[in-house]
Number of protein chains: 2
Amino acid sequence: MPPARMTPALLAIVADRFKAFAEPARLQVLYALRSGELSVSELVEATGLGQANLSKHLQVLHAAGVVSRRKDGLFSYYALADGDVLKLCDLVCGRLDRETKQRQKALAR
Amino acid sequence: MPPARMTPALLAIVADRFKAFAEPARLQVLYALRSGELSVSELVEATGLGQANLSKHLQVLHAAGVVSRRKDGLFSYYALADGDVLKLCDLVCGRLDRETKQRQKALAR
DNA sequence: CCGATACATTCCGATACACGCATCCACTGC
DNA sequence: GCAGTGGATGCGTGTATCGGAATGTATCGG
């Protein structure tokens, strides 16, 4: 059950949350983190993104509470904050799968 | 289980999908449609958005497959395309609730 | 202390997007 | 056909944001 009343402030917060996912680069990062925490340089290699750019995206994801940061000496290790993160992605991907299948069916007739 | 391989094209599609939710105005529309389908003018009144602006947001939501359109004479009726839509919002809202509660707990100590 | 490494931050140009205004299009009723 | 209503679309403007280059900051080894 969602909040009965949606204040503008709440709407903005929810929107920001979604905005964190609304970027191919950031989704790429999230999928790279599926298998476990990675350092920034490992993420650079895994995603092909530039280091500065990636770092900024990580700040966004962290500010949105999507990923967690753990510092160890020179390295920063990032990880998915929560199982719900992938649940969200999979919900969207699942819908996509169903839709493309439906479209293929429609084309096949 | 999500697709094993995330191609750039797929990432872009998923990102666009999330982008549809990543705007306070559009979230407002979705919440207004919780109770059932509405015409554009009804949505104008329900949300306080300008007609032109609202119309554009509706195009975005429709293109993303989030809402359905039904034309009846002069009127266009929009409705949530699918129960998953609200599931998505509630997933995010639920996380928010838990986090704010945790934060309050932390402040209360 | 000095250089090197791993990230973060700032500055910049280019693009994208939201919103309002005006206009255009589709349909209805006279 | 004509006027009126409900929606959609095009244009202009301000703002946000992505991405890269350069710079700054913190930590480790020597």
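Trainee: What makes the pair between Tyr78(B) and a phosphate oxygen of DNA strand D a polar contact?

Mentor: Bear in mind that this is a predicted model. In it, a polar side-chain atom of Tyr78(B) sits 2.7 Å from a phosphate oxygen of DNA strand D. The cut-off for a pair of N or O atoms is 3.5 Å, so the pair counts.

Trainee: How do you know that Arg69(B) makes a polar contact with DNA strand D?

Mentor: One of its polar side-chain atoms lies 3.5 Å from a phosphate oxygen of DNA strand D. Being within 3.5 Å is what's asked, so that pair counts too.

Trainee: Which element gives the most to the surface near DNA strand D?

Mentor: H4(B), with 5 residues. By residue type, that surface splits into 7 nonpolar, 9 polar and 6 charged.

Trainee: Why say that the buried residues of H3(B) line one face of the helix?

Mentor: Those residues are Val40(B), Leu43(B) and Thr47(B). Looking down the axis of H3(B), they fall within an arc of 55°, so they line one face. An α-helix has 3.6 residues a turn, so residues three or four places apart point the same way.

Trainee: What covers the buried residues of H3(B)?

Mentor: The cover includes H2, S1, H4 and S3 of chain B.

Note on methods:
Residues numbered from 1 in each chain as written. Chains lettered and ligands numbered in written order. Predicted model: local features only at pLDDT ≥ 70, side-chain atom pairs only at ≥ 80, totals over all residues. Heavy atoms only, no water. Buried < 20%, exposed > 50% of the residue type's maximum accessible area, 1.4 Å probe, protein only. Helix = DSSP H or I, 4+ residues; strand = E, 2+ residues; numbered from the N terminus. Arc of directions from axis to C-beta. Contact = heavy atoms within 4.5 Å. Polar contact = N/O pair within 3.5 Å; in protein donor to acceptor, adjacent residues only side chain to side chain. Nonpolar A, V, L, I, M, F, W, Y, C, P; charged D, E, K, R; others polar.
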